[in-house]
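User: Please take a close look at one packing arrangement in the structure below. A single connected account will do.

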Amino acid sequence: MTAPEAIIQTACTFALIVLGIAFMLTVFRVVVGPTLPDRVLALDMLVGIVLGFIAAFAIRTGYTLYIDIAISLGLVGFLTTVAFARFILARGLVGETAAAATPKGGAKAGKNRKKPAAKGAKP
């Protein structure tokens with residue numbers, strides 16, 4: 001094996017190790033994520049990490065069909081992120097319209113009512 005090939009193999013091995021660690025940390029964020037947008041962002045990150053895995057594996061093996069698979073996965077991953085974002089947006093709007101329809105607080109709700117006239121006051 002020549003020096004350039006050894007460097008490429010070492011770089012691919014290092015990339016696969018780093019991507020494996022990033023994958024584990026991102027899966028942890030998907031499972032533990034406190035909010036839905038955190039989980040969606042982590043899922044989008046998982047798509048990027050898998051693209052890195054596919055690219056590193058394609059370079060390591062020399063099989064170029066993996067690059068086509070990575071491009072397809074990138075397009076599908078982008079579309080799923082947009083779909084999740086629209087879901088979060090629609091879910092937020094439904095919650096806001098329901099909250100806007102109900103009056104907040106008893107004192108504020110009755111603020112616009114007419115006050116009873118004082119005794120002896122002219123109407």
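Analyst: Two residues are in contact when heavy atoms lie within 4.5 Å. In the protein, 50% of the contacts with a separation of 6 or more come from residues 24 or more positions apart. The model is predicted, so local features need pLDDT of at least 70 and side-chain atom pairs count only at pLDDT 80 or more, while totals for chains, interfaces and linings use all residues. Residues are numbered from 1 along each chain as its sequence is written, and side-chain values use heavy atoms, leaving out hydrogens and water.

The protein has four helices and zero strands (DSSP runs numbered from the N terminus: helices are H or I of at least four residues, strands E of at least two).

The part examined here is the pair α1, residues 3-32, and α2, residues 36-61. Their axes, which are lines fitted to C-alpha atoms over the stretch in contact, are 9 Å apart and form an angle of about 160°, on a scale from 0 to 180 degrees between N-to-C directions. That angle makes α1 roughly antiparallel to α2, a label for angles over 145 degrees. By class, the α1 contact with α2 has 20 nonpolar residues, five polar and four charged. Nonpolar here covers Ala, Val, Leu, Ile, Met, Phe, Trp, Tyr, Cys and Pro; charged covers Asp, Glu, Lys and Arg; the others, Gly among them, are polar.

Ala-11 lies in helix α1. The C-alpha atoms of Ala-11 and Ala-56 are separated by 8.8 Å, although the two residues are 45 apart along the chain. Ala-11 has a relative accessible area of 43% and is therefore partly exposed, the class between buried (under 20%) and exposed (over 50%), with a 1.4 Å probe and protein chains only. Of the 123 residues of the protein, 12% count as buried.

Methods:
Parallel < 35°, antiparallel > 145°, perpendicular 65-115°, else oblique.
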